[in-house]
Amino acid sequence: MRQTKSIKDSKTKQVHLLRYEDINGAGRLFGGKLVAWIDEVAVITARRHSEMKVTTVAIDHLQFINPVFLDQLVIIVGCVTYVGNTTIEVRVDTFLEELCGKKSKVNRAYVSIVALDANNRPSPVPFDIMPESDEEKTEWEDALERVELRKQRRLEGL
């Protein structure tokens, strides 16, 4: 039986002030930049949890709900939602923070990450997670369904 860690132990938060280099031709946050930030937060979260090298395998359901514009703050939060044998699922939520402090959701993504050994091959994750709150327990149960869906998609070649 492997050791467990609290979900809050690996929670990661990044804040970005949107600059000109982050903006696309429509004057909004460039989607590719946000995807890179989401991936970075997910990888950092998974590394903190596993204490191993990791690599991203998939990003699920990335939908842009609200735009973000120049000089606005983007807050990105990652937390582990599931740990399998070699895979860690990280939920990454992105928010826009206005000057008054009001936050609006930009998107939510689930990132599947694989732990790697010294030879960069998939390796067992040494730590499980310990869902404590009702929200964390629900997220864990929902993750079980997402894992099965990913397996089914892989079998179907998607």
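Reader: Glutamate 51, is that exposed or buried?
Author: This is a predicted model. In the model, glutamate 51 has a relative accessible area of 57%, so this residue counts as exposed, the cut-off for exposed being over 50%.

Reader: Where is glutamate 51 found?
Author: Glutamate 51 sits in the loop between H1 and S3.

Reader: What about the phi of glutamate 51?
Author: The phi of glutamate 51 is positive, about 60°, although the residue is not a glycine. Most residues other than glycine have a negative phi.

Reader: Which other residue has a positive phi of about 70°?
Author: Aspartate 71, which is not a glycine either. Aspartate 71 lies in the loop between S3 and strand S4, residues 73-83.

Reader: Aspartate 71, buried or exposed?
Author: Exposed, because the relative accessibility of aspartate 71 is 56% and exposed begins over 50%.

Reader: Changing topic. How many salt bridges are in the whole structure?
Author: A search of the whole structure gives 13.

Reader: What does glutamate 51 form a salt bridge with?
Author: With lysine 5, and the closest N and O atoms are 2.8 Å apart. The two residues come from distant parts of the chain, 46 residues apart: lysine 5 is in strand S1 (residues 3-6), while glutamate 51 is in the loop between helix H1 (31-50) and strand S3 (53-60).

Reader: And lysine 5, buried or exposed?
Author: Lysine 5 counts as buried, because its relative accessibility is 12% and the limit for buried is under 20%.

Reader: What does arginine 150 meet in a salt bridge?
Author: The side chain of aspartate 60, at 2.6 Å from N to O. This pair also links distant parts of the chain: arginine 150 is in helix H2 (residues 134-155) and aspartate 60 in strand S3, 90 residues apart.

Reader: Are those two buried or exposed?
Author: Both arginine 150 and aspartate 60 are buried.

Reader: Which residues are linked in a network of salt bridges?
Author: Asp60 and Arg150 belong to one, together with Glu89, Arg91, Asp93, Arg108, Glu135, Glu139 and Arg146.

Reader: What about lysine 103, what does its side chain meet?
Author: Glutamate 97, in a salt bridge with an N to O distance of 3.4 Å.

Reader: And how does lysine 103 count for accessibility?
Author: As partly exposed, because its relative accessibility is 46%, which falls between the 20% and 50% limits.

Key: Residues numbered from 1 in each chain as written. Predicted model: local features only at pLDDT ≥ 70, side-chain atom pairs only at ≥ 80, totals over all residues. Heavy atoms only, no water. Salt bridge = Lys/Arg side-chain N within 4 Å of Asp/Glu carboxyl O. Helix = DSSP H or I, 4+ residues; strand = E, 2+ residues; numbered from the N terminus. Buried < 20%, exposed > 50% of the residue type's maximum accessible area, 1.4 Å probe, protein only.
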